[in-house]
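Please look through the structure shown here before reading on.

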Amino acid sequence: MAKQISVFLENKAGRLSSVTRVLGEAGINIRALSIADTSDFGILRIIVNDPERAYKILKQAGFTVSETEVIAVKVSDTPGGLAAVLEQMSDQNLNIEYLYAFLGTSGDDALVIFKVEDIEHARKAFTAKGIPFLEENQLYRL
Amino acid sequence: MSYWDKEKECMSRSDLEKLQLRRLKETVFRLYAFVPAYQQKMDEVGIKPDDIRTLDDLKKLPFTTKSDLRDNYPFGLFALPMSEVVRVHSSSGTTGKPTVVGYSKKDIDTWSELMARALTSAGASRLSVIQNSYGYGLFTGGLGVHYGAEKLGASVIPTSGGNTKRQIMLMQDFGTTVLTCTPSYALLMYEVMQEMGVLPSDLKLEAGIFGAEPWSENMRREIENKLEINAFDIYGLSEIIGPGVAIECNCKKGLHIAEDHFIAEIIDPDTGEVLPEGAFGELVITTITKEALPIIRYRTRDLTTLNKNLCDCGRTHVRMEKVLGRSDDMVIIRGVNVFPSMVEHVLLNIPGVEPYYLLVVDRKGNLDQLEVQVEVSESLFSDEIRKLEELGAAITKELESALGVSVKVRLVEPKSIERSEGKAKRVIDRRNI
């Protein structure tokens with residue numbers, strides 16, 4: 001389980017760079033990111049080493065920010081690794097809202113960030129099926 | 001209920017109308033005698049001052065418009081020599097030559113009386129500390145309110161507009177009880193208060209008297225809830241005298257027009273025909289006590305209705321409905337009239353929507369496009385694209401059903417819409433027509 005920071009961005013030149021500059025100047029490291037966009041606006045989703053401080057700093061800088069619970073799953077870094085996890089999730093009726101890959105790795109595994117409809121259900125299912133995922137403190141320390 | 005001048009504010013309608021007729025006759029005589037432009041206009045329609053025998057005869061007189069003021073720039077419509085004129089105000093003239101207005105000593109006294117009346121109607125008294133954040137200078141807002149507040153005997157803090165942090169500091173330190181400014185500036189003050197960590201309960205503010213731009217009932221609710229004050233609408237225009245032409249009383253069911261100084265009519269803006277009481281149309285005002293610049297049948301471009309029924313406050317003066325919009329602010333989108341205040345009213349009915357918005361009008365091919373920009377506040381924001389798109393679609397649907405024209409809603413970042421320390425800019429028209 002992990003806290004993801006989401007930021008509302010207008011589709012305008014320089015908006016992404018100003019978010020990253022604010023975080024950089026505060027010494028906050030981005031560990032994973034994805035951008036969802038429409039023609040008018042986008043949502044930047046990031047995993048950082050200190051989500052609480054990142055939230056505060058972005059808010060102070062005038063951005064619209066929210067915190068979302070996501071889950072960081074270890075996926076074998078081999079062909080078919082992600083497919084195996086997704087099949088298991090599908091079997092368990094776990095609805096995925098979105099997912100994106102982590103920038104680094106955890107040993108031999110790749111890390112994938114999942115936003116699911118029901119995070120408690122996901123947690124139980126992953127534990128039951130032996131799919132490894134990272135706890136919050138493990139993730140931020142990577 | 002307190003009044004500034006109960007005898008005048010509550011005089012019987014029959015006495016009021018006698019007074020109006022006497023003053024109207026005097027005004028027409030003076031204009032015909034001293035202002036060649038008026039004499040010429042009256043001669044053109046074959047009307048002599050003697051033809052004005054009843055109040056109903058007013059409709060025989062020609063209208064005065066903003067372009068009459070411009071055509072006689074700067075002092076051509078003044079009915080007194082400049083030696084008798086003690087003050088001049090002027091519009092900014094962004095759309096051409098400015099319109100210039102002048103005041104005699106007595107005009108300034110009249111104006112101060114009207115503003116003292118207005119402030120009293122909104123609950124102010126000599127015990128009030130009035131922070132006047134209307135701009136001081138050529139604009140009539142600042143000095144108009146200032147003189148009225150001094151006449152009332154209140155303590156006036158003449159902050160003018162701008163330097164919002166200092167405004168809030170003074171508001172806190174001086175114990176301001178009444179704020180006077182544009183409604184959009186009041187909201188900006190609230191935002192800056194939040195940034196400074198100042199709560200409404202840290203202030204002694206009780207009432208706000210807001211004007212100089214149209215604002216909706218939902219905007220009133222928003223300001224009253226946020227600043228925890230009683231918000232009153234004030235109406236005026238420099239061509240007539242400035243702020244204080246009309247003011248809400250505690251009943252907030254329309255603004256009382258000071259009828260011992262002005263005569264109000266409602267006309268059909270297209271035909272110029274006078275409409276019966278209660279009809280919606282353009283407000284036309286005649287001044288009947290002004291000396292330096294008397295104005296006959298001024299077309300205000302403001303759309304409203306009039307109501308002569310006795311108000312619960314006891315005042316007999318006619319009430320005009322809160323102005324929906326000045327026809328200058330109206331945008332015509334594919335033949336449909338749209339006022340920014342209508343958009344505001346719809347937006348503020350949607351929970352979580354902040355009172356900052358901008359209409360951008362453009363023409364693609366031969367088709368007008370209306371884009372409404374809405375700021376995404378924290379309470380509206382969702383991490384999911386789908387939910388934000390649903391929000392956009394819901395706002396679009398509400399706007400389209402209220403305005404009767406198709407709208408594109410653009411969600412923008414908080415505070416990206418320009419904040420105003422005076423009159424807010426609500427429309428950008430990019431059509432080159």
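The model is predicted. Chain A falls into two domains, with domain 1 covering 2–68 and domain 2 covering 70–141. Taken over C-alpha atoms, the centres of domain 1 of chain A and domain 2 of chain A are 22 Å apart. Where these domains touch, domain 1 of chain A contributes 11 residues and domain 2 of chain A contributes 13 residues.

Which elements supply the side of domain 1 of chain A that touches domain 2 of chain A with two or more residues? They are β1 (2–10) and β2 (30–37) of chain A. Of the elements on this side of domain 1, β2(A) gives the most, with 4 residues. By class, the side of domain 1 of chain A that touches domain 2 of chain A holds 4 nonpolar, 4 polar and 3 charged residues.

The second topic is the helix pair. In chain B, helix α7 (residues 164–174) packs with helix α8 (residues 183–196) of chain B at an angle of about 80°, and their axes lie 10 Å apart. Because angles of 65 to 115 degrees count as roughly perpendicular, α7(B) is roughly perpendicular to α8(B).

On the α7(B) side, the residues that meet α8(B) are Thr164(B), Lys165(B), Gln167(B) and Ile168(B). Their counterparts in α8(B) are Leu188(B), Met189(B), Val192(B), Met193(B) and Met196(B). Sorted by class, the contact of α7(B) with α8(B) comprises 6 nonpolar, 2 polar and 1 charged residues.

Methods: Residues numbered from 1 in each chain as written. Chains lettered and ligands numbered in written order. Predicted model: local features only at pLDDT ≥ 70, side-chain atom pairs only at ≥ 80, totals over all residues. Axes fitted to C-alpha atoms, helices over the stretch in contact; angles between N-to-C directions. Parallel < 35°, antiparallel > 145°, perpendicular 65-115°, else oblique. Contact = placed C-beta atoms within 7 Å. Nonpolar A, V, L, I, M, F, W, Y, C, P; charged D, E, K, R; others polar. Domains from an automatic or database assignment.
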